[in-house]
Amino acid sequence: MITYQTILRKLRPGVAEIEIAGKVVDAALLAAEPYRIVSDTLSAGSGIIQIAEHSYRIERESRISIIALGKAAPSMISAAMNKLGEKVEHGLCICKHYLENEKFPGSIKMITGDHPIPGENSLNAGNAIRD
């Protein structure tokens, strides 16, 4: 795999170019950080949930289900839980690997899927979404 470090070594840039490249990479990583993206685009309050430019009216007793898929699923679920709190009735977090320290409330079910080739875990995850 080619990384920006490999390219920089071949180009033999000066210190200023390396600093600029580092800032570009840092900005790209921050822009793609799933927790931050969900936190910045999701809000709830006064009977309305806002997701980016879309608003959804919710009743006081409404409960929400959330689903997150892929590598970023744990971060996305965590951000959504921080924004929505007790409004979340249940949710699914489906990804290939989990870290030991990733803990979610009992209302969030962690499911391991298969990747890149679908298998039995993927079928189970799909059934959980359907149910």
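A residue counts as buried under 20% relative accessible area, as exposed over 50%, and as partly exposed in between (1.4 Å probe, protein chains only). Of the 131 residues of the protein chain, 23% count as buried. The structure is a predicted model, in which local features need pLDDT of at least 70, side-chain atom pairs count only at pLDDT 80 or more, and totals for chains, interfaces and linings use all residues. Residues are numbered from 1 along each chain as its sequence is written, and side-chain values use heavy atoms, with hydrogens and water left out.

**Exercise 1. State how many helices and strands the protein chain has, and give their order.**

Step 1. Helices (H or I, at least four residues) and strands (E, at least two) are DSSP runs, numbered from the N terminus.

Step 2. The protein chain contains 5 helices and 6 strands.

Step 3. Read from the N terminus, the order of the elements is α-α-α-β-β-β-β-α-β-β-α.

**Exercise 2. Describe the sheet that contains S4, S5 and S6, and identify the helices that pack on it.**

Step 1. Two strands pair if DSSP finds at least two bridges between them. The open sheet consists of 3 strands in the order S4-S5-S6, with parallel pairing.

Step 2. Strand S4 (64-69) and strand S6 (108-112) are the edge strands, each pairing on one side only. From one strand to the next, the twist averages 10°.

Step 3. Between S4 and strand S5 (residues 88-95) there are 6 bridges in the parallel sense. Gly-91 in S5 is the bridge partner of Ile-66.

Step 4. Contact means heavy atoms within 4.5 Å. Helix H4 (residues 73-84) packs on the sheet and touches S4, S5 and S6; its direction makes about 160° with that of S4. Helix H5 (residues 120-130) also packs on the sheet, touching S4, S5 and S6, and its direction makes about 160° with that of S5. For these angles, axes are lines fitted to C-alpha atoms, for helices over the stretch in contact, and angles run from 0 to 180 degrees between N-to-C directions.

**Exercise 3. Determine whether Ser-39 is buried or exposed, and find its contacts beyond its neighbours within four places in sequence.**

Step 1. Ser-39 belongs to helix H3 (residues 34-41).

Step 2. The relative accessible area of Ser-39 is 16%, so this residue is buried.

Step 3. When its neighbours within four places in sequence are left aside, Ser-39 is in contact with Ala-79 and Lys-83.

**Exercise 4. Locate the salt bridges of the whole structure and describe the residues that form them.**

Step 1. A salt bridge is a side-chain nitrogen of Lys or Arg within 4 Å of a carboxyl oxygen of Asp or Glu. Side chains of opposite charge can pair when their charged atoms come close. A search of the whole structure finds 2 salt bridges.

Step 2. One of them joins the side chains of Asp-40 and Arg-36 (2.6 Å, N to O). Both residues lie in helix H3, 4 residues apart, which is about one turn of the helix.

Step 3. Asp-40 has a relative accessible area of 53% and is therefore exposed. Arg-36, at 28%, is partly exposed.

Step 4. Arg-130 forms a salt bridge with Asp-131, with the closest N and O atoms 3.2 Å apart. Both Arg-130 and Asp-131 are exposed.
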